[in-house]
Amino acid sequence: MTAGATRGPNFALLLALAWLVVAADLVLKHWAGTALTLSDTDDAMRLAEVHDFLDGQGWFDMHQARLDPPAGYDSHWSRLIDAGLAGLYLLFHHLVDGALAERLMRVLWPMLWLIPAMLGAAAAAWRLAGRDAAVVTLLLAAVGLPAFQQFLPGRIDHHNVQIALAVTTLAATVWSDRARAAGWTAGALTGLALAIGLENLVFVALCGVALVLRYVIDRAAAPALARYGWALAASTAAAFFVIVGPDHWGRTACDAIAINWAAPVAIAGVLMGIVGGYVASAGIGRRLAAAAAIAVAAGLAFALIEPRCLGGPYAMVDPQLRAVWLSHINEMQPLSAIARSAPDVVAALATFPAAAALAVLALACVPAMRRDFAFLTAAAVLLVACVLSVSVAKMSMYAMWLGMPLVAALALRLFALLRLTNLVARAFAALLLTPTVLSGFAIATVQAAGHPHDEERDSRVVAGCFNTASYAQLARLPKGVIATDIDYGSFVLALTPQSVIAAPYHRLADGIMAAHRIFASPPDEARRILARFGATYVVTCGKRLPPETNAQEREASLWGRLQAGAPPPWLTPVAARPGDVFQVYRVSAPSP
């Protein structure tokens, strides 16, 4: 930032105050809930990984031996998140017992990642429209309830980290024409984002594209491109060697950092560094040719090393998974599908991103904005996030955070247009533009139109199948292999010593399909599949139907027999205690 942007402690204090308000509110509202459940399957799986890491599992050893036995499962998640969580746990464990230390770790971790998310959004707004816009952004964030979905206490998976890195990378990028360190920072943050995962890849990649295009148009941008490129190459190489073990250096992957991702990005970074340093004074034709050469070199490297990944991060996923699992994941649904059953949820997810898109259109009417690199970059990244949100609901969280700087910039112009000079009047007007107020108004409108909020309809949630205490029933069983709903798999790993056939992760094609077929097939076929995995127990909870089955198939299936209270003779019910929610059956070994 400029010298004026960092003078005095006032803005830092405002940021700290806004964060404290948000963190205190979230912790007070959700503290009790962190004792009841692990929030989400990903949070449960992350906790299982942290347990293994604290128990001495090696840095590069991401193997989950208790999942999909006997082969086990190799996670594609980043060990960096595990390390951060483990460090936080050990810090608290010096002060309190293990159970409370773990709970405090789960509560504080997402709160910490709110800081860079709020700082990044405010920094981007400052570059767009000055300090006042940054202050308005803090208000938008402080009253930004729908945007906190991935930052709630207990959310210890990677989504909050990836949102924060996307926002901070954008902030560093838009400052790269004003602050020397911003180019280095944007490159380094992009490498760190790759080390965490690929979910935010499109946003950090757009930032790199923006820097290259600015270099093509303006030769004065060459030094910033060079700084970004060298930092990108170095951080990507570091990410690769920190995350990928030597035994896997030659392996490719579409869903996580691997040689087929690291090499093209590092090549692009090196070429940016060279071009920014040595092709700075050339004419626009040569600069355009240099930019094209960077794109061709990186693209060819990516396509030649692993052409299958041209199909996206799920390119290697078994097509069968889409029907029985992937297409049923709530966060992966398009907004149109969610709107059919829960229009109020769509109102909460889509209203503020839509307002931010309208802010882009309004700001684009200002000639100075149309010439501003920061506005063009922020607008492009936001609009892409909005488009992605329509097809994949979880991307709306990115759109909310990326939209805050643009809504703040528009708010200042509205203040001027309405001649609002009084601080109270400005605060009230800005409050009306916050995600909480806009989404609340949209939800109220949807409900007034005859779409009342539905009570929880997932029978598994109603029955307590995801409650932490419920898994004590499974933990006290003799160790064995459990066949159950795949959504319970992560909880079984985190909360019990049992093994489980499947959990909801796309690399587990064999386990997921087996778990599906166990319940969707007739008992004799189910028994053969159970024997293949050495299953000890069949466990049910709730009344969720096996996906992609008709009424006749369900009636003939093992699931249908269990729901009817008529298990086959090779399944022996295990006596339950008062308060137990799972129906547990011990599997009898087939006759020789």
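1. Start at the surface. W184, W230, V270, I274 and Y278 form a nonpolar patch there, with about 530 Å² of accessible area together. Patch members have over 30% relative accessible area and no salt bridge; like charges are joined within 9 Å, and nonpolar side chains (Val, Leu, Ile, Met, Phe, Trp, Tyr) within 5 Å. Areas come from the Shrake-Rupley method with a 1.4 Å probe, and for residues only the protein chains shown count as cover. Helix α11 (residues 259-278) gives the largest share of the patch, three residues. V270 is placed in α11.

2. A word on the basis. This is a predicted model: local features need pLDDT of at least 70, side-chain atom pairs count only at pLDDT 80 or more, and totals for chains, interfaces and linings use all residues. Residues are numbered from 1 along each chain as its sequence is written, and side-chain values use heavy atoms, with hydrogens and water left out. Helices (H or I, at least four residues) and strands (E, at least two) are DSSP runs, numbered from the N terminus.

3. Helix α9 (residues 201-217) packs with helix α12 (residues 284-305) at an angle of about 160°, and their axes are 8 Å apart. That makes α9 roughly antiparallel to α12 (over 145 degrees; under 35 is roughly parallel, 65 to 115 roughly perpendicular, the rest oblique). Axes are lines fitted to C-alpha atoms, for helices over the stretch in contact; angles run from 0 to 180 degrees between N-to-C directions. V212, Y215, V216 and I217 of α9 meet I284, R287, L288, A290 and A291 of α12 (contact: heavy atoms within 4.5 Å). These residues divide into eight nonpolar, no polar and one charged.

4. Helix α9 also packs with α7, at an angle of about 10° and with axes 9 Å apart. The two helices are therefore roughly parallel to each other. A166, T169, L170 and T173 of α7 make the contact with F203, V204, C207 and L211 of α9.

5. The structure holds 22 salt bridges (a side-chain nitrogen of Lys or Arg within 4 Å of a carboxyl oxygen of Asp or Glu). One of them pairs D43 with R155, the closest N and O atoms being 2.6 Å apart. The pair links distant parts of the chain, 112 residues apart: D43 is in helix α3 (residues 41-54), and R155 is in the loop between α6 (131-142) and α7 (159-174).

6. Two backbone points. P69 and P70 are joined by a cis peptide bond, with omega about 5°. P70 is in the loop between β1 (63-64) and β2 (73-74). S39 has a positive phi of about 75°, although S39 is not a glycine. S39 lies in the loop between α2 (10-36) and α3.

Notes
Ala, Val, Leu, Ile, Met, Phe, Trp, Tyr, Cys and Pro count as nonpolar, Asp, Glu, Lys and Arg as charged, and the others, Gly among them, as polar.
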